Amino acid sequence: MAEYLSKAMAFAQDAAKLSVRLSEGLVDNALDFGLDTPGSFYDHAEFRLGQTRRELNSGSEKERLAAMKRLLACVAKGYDVSEYFADVVKNVATGSLEKRRLVYMFLLRYAEQEQDLALLSVNTFQRDVADSDAEIRAMALRVMSSIRVQAIGAVVTVAVRRLAGDSSPHVRRTAALAVPKLLRLDAGLREELQAVVNSMLGEGSALAVGAVAKAFRTVSPQQLPHAHAHFRRWCAQLGDADEWGQLELVRLLAAYARTQFARPVEGSRLDTDHTLLLQAVAPLLHSRNRAVVMGACAAVSHLAPESQLHLVAKPLVRVMRGSRESAYVALTAVLQVAQRHPQVFYPHVRSFFVAAADAPFVRRVKLQVLAELAAAETAPAMVGEVAAYTQSPLLDVAEGAVRVLLRCAQRVRSATVDCFQSLLLLAGNDQRPPVCAAAMRAVRALLLDGTLRDADSRAMTLYDILCFVARSLDKFTADGARSCVFALVADFAESRFGSQHALDVLRAGIRGFGQEGLEAKMQILELSTRLYLCAQKESDGVLAEALKPHCEYLQQLHAHVFTLARYDVSFQVRDRARCLRALAPLAGYDDALVETASHVVEAGLELLGSSATSNPPACTSKHSTGYTLGSLSQAVGREVSGYEPLADWPENPPKNVDRGPQVSVLAAAASHAQPIAVAGISGRAGRADAGYSTPRSTADDDDLDAFLDSADDQPAKRIVQAQRSAVVFEQMYSSSSVDSSETESESENESEPESESESESESSDAESEAESETTSLRPENNSDSDRTSGSSHSDAGLLANDQHASADLIQTQQQQQQQQPLLEDTSKYWQ
């Protein structure tokens with residue numbers, strides 16, 4: 001049996017080896033005989049890298065093309081194939097357009113790593129800059145600008161200056177994107193590049209305007225007045241640009257607005273161009289691209305008055321529902337807006353509840369946002385949810401929930417008692433040290449700031465609360481919780497509880513002083529000092545009267561705890577003991593200081609009182625509110641390299657500035673930008689959400705035709721022409737339905753006279769339906785000018801003013817009359 005099993009295992013191993021060899025042989029044969037598919041280069045590229053060098057130097061154009069495809073497939077799969085750079089450079093001067101594209105893509109990938117070898121092909125790139133193919137010109141300039149060698153900076157600058165006025169918008173876009181690369185390569189080229197960029201500011205193509213905006217912000221960040229004559233045109237082009245261009249344009253226009261317009265004040269009228277910019281940015285809030293949405297939200301939050309800040313609420317909540325990284329960036333933006341205007345997010349408070357699948361950094365910011373949104377409007381939905389978070393097994397969620405409850409108790413008087421009782425019970429019964437310590441800090445904060453005293457109703461007195469806290473001292477194991485107990489006793493030492501039980505709490509703390517934590521030791525020293533100074537105070541206070549019979553015992557406790565602190569292992573405890581000992585010298589130990597002690601008792605008590613009544617930190621956010629919304633500095637909470645803050649509003653903004661011809665944003669952006677309201681790219685529309693619909697155009701036909709005539713290479717022209725063609729199709733369809741109904745009625749009249757009335761009724765219904773459709777396309781006569789400009793100018797008005805559309809309609813009707821006999825013969829045949 002064992003021999004049989006060994007033979008079977010050997011046979012299985014031989015079969016597996018044979019299968020592997022057969023599969024490798026099939027792959028090799030398929031590649032040799034040209035039986036591979038386009039995907040085979042990606043699937044099996046790494047198997048043939050050994051032959052790539054020979055194929056690149058081969059005389060066969062087919063082999064060199066296959067080698068280039070194989071190299072790019074390896075690059076896509078993450079392999080480092082920079083060792084073939086020299087062999088690829090030899091194939092730069094090729095006549096095959098497909099292979100040249102592949103070579104340029106490879107050189108673009110490794111040009112920065114192999115700068116010396118890339119210089120060998122600079123002459124070829126210079127020739128390709130003048131190529132007849134726009135794509136070759138663009139790729140040649142792109143590769144040249146990626147070679148980070150300062151020696152060719154002048155050559156690349158000449159190429160950029162030459163292609164800045166190219167007829168292709170794709171090439172002009174590449175030239176604009178090369179400007180920041182040249183500036184990083186050689187800062188001495190700034191003045192020359194500024195002249196080039198200034199000549200490109202009049203860019204009329206939506207494809208290249210975003211790159212021009214990026215180049216202008218890079219080389220001339222402080223020369224925003226040069227953009228005066230282009231401001232309105234950029235606002236009109238904002239809806240037609242691609243997503244990356246929209247983001248760059250929004251940033252440039254926001255920086256321009258912060259230096260040229262006055263600060264928006266609620267109730268005052270905004271500048272016309274200021275309003276134009278806000279109207280142009282509003283559709284971008286509904287883009288499918290999260291970066292565009294964040295840029296639009298930043299522009300609205302930094303430029304719009306307070307009454308319009310509600311526009312950013314839904315877009316930020318929508319971005320928050322994406323990936324966890326996007327959620328974190330959106331939440332930090334929400335937190336920054338909520339710190340100044342929390343009422344914006346009151347209707348969306350449930351969107352910030354913590355979910356089980358949230359990442360730790362996401363739920364931490366969500367809890368901070370909930371703390372900022374604590375108000376009477378949100379308390380009914382928030383308090384119960386957050387109270388449940390305190391029982392979460394995740395410590396960060398439970399601690400954050402404690403801070404949110406503290407903020408609710410401080411801001412909402414109706415919820416103060418409920419939140420305080422929840423925190424007190426949590427501190428006394430919870431077995432998790434961090435959560436217990438956070439709850440005790442919150443309890444102390446509420447007792448010190450007077451929030452509980454000002455509450456509507458209280459079920460417990462201060463004495464009962466302090467007694468409950470003191471009895472829970474033995475159950476507390478966290479250093480923070482125990483230190484809060486000693487601090488509370490010291491804060492209310494002169495109350496009824498302090499006069500009766502403060503000495504007992506001090507004795508319990510001194511008994512285990514060596515095992516206490518750092519914070520608890522500090523508070524025990526301060527409690528002992530306060531009680532000792534109160535006993536020495538020459539007054540008739542309640543605490544002084546209660547401590548007089550125990551003066552000697554208190555002095556012994558005080559000397560004992562300071563002796564323990566003098567030899568403590570922590571230098572902070574030793575330093576604090578020396579400081580407090582100067583305020584309360586010990587009799588028999590500090591005789592030199594006892595004589596002057598009467599002069600510092602009052603000062604010592606005042607000093608300890610001011611430090612004790614300081615409010616503990618509650619739920620403050622680490623994210624600063626001064627950074628630009630959506631920036632990396634705002635996301636991480638500190639200024640990073642390359643951050644450019646927005647300028648402050650000018651006190652005296654410039655007036656009578658010519659910002660170009662008047663352009664109606666509603667005509668130039670909103671009407672034909674409606675298909676890109678969700679997609680973010682003109683001509684690629686997505687299904688619009690009911691909550692994020694874009695307002696319809698209120699422009700008249702003359703303004704729209706004038707804008708389309710002045711536009712250069714804009715997708716908006718094609719969109720409106722498509723709308724007109726749709727209207728023509730509707731007219732054709734309505735007329736053909738009428739003709740077909742008439743034909744059917746005539747044929748039925750000849751064959752079946754008894755159905756005449758029925759056919760006439762059908763024909764009349766078809767005619768009435770066609771008439772109603774035509775009537776719905778006509779403008780209504782309305783005395784209200786606003787309604788006329790908003791709704792009566794429809795696609796039928798565009799058709800009436802379009803001579804080409806009328807000619808097409810006449811030609812279509814003639815074709816239908818020619819086809820009428822054929823329709824009659826067909827109807828007779830089917831009858």
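This is a predicted model: local features need pLDDT of at least 70, side-chain atom pairs count only at pLDDT 80 or more; totals for chains, interfaces and linings use all residues.
Some ground rules. Local features need pLDDT of at least 70 and side-chain atom pairs count only at pLDDT 80 or more, while totals for chains, interfaces and linings use all residues. Residues are numbered from 1 along each chain as its sequence is written, and side-chain values use heavy atoms, with hydrogens and water left out.

First, the core. A nonpolar core is a set of buried Ala, Val, Leu, Ile, Met, Phe, Trp, Tyr and Cys residues joined through side-chain atoms within 4.5 Å. Buried means under 20% relative accessible area, with a 1.4 Å probe and protein chains only. The largest such core has 205 residues, and Y104, L107, F345, F352 and L370 have the most contacts inside it. Its biggest contributor is helix α24, residues 433-448, with eleven residues; helices here are DSSP runs of H or I, at least four residues, numbered from the N terminus. Contact means heavy atoms within 4.5 Å. Beyond its neighbours within four places in sequence, F345 is in contact with residues including A313, L316, F352 and L373.

Next, R659. It sits in the loop between α34 (632-636) and α35 (665-673). R659 is buried, at a relative accessible area of 4%. Leaving out residues up to four places away in sequence, R659 touches, among others, H228, R232, Y256, D271 and D273.

Last, the lining of the largest pocket. On a 1 Å grid over the protein atoms alone, a pocket is an open set of points where a 1.4 Å probe fits, with protein on both sides within 12 Å along at least five of seven lines; lining residues have an atom within 4 Å of a point. Here 42 residues line it, with R217, R251, T628, S631 and E644 nearest its centre. Helix α15 gives the largest share, nine residues.

Technical notes. Buried means under 20% relative accessible area, exposed over 50%, partly exposed in between (1.4 Å probe, protein chains only). Helices (H or I, at least four residues) and strands (E, at least two) are DSSP runs, numbered from the N terminus.
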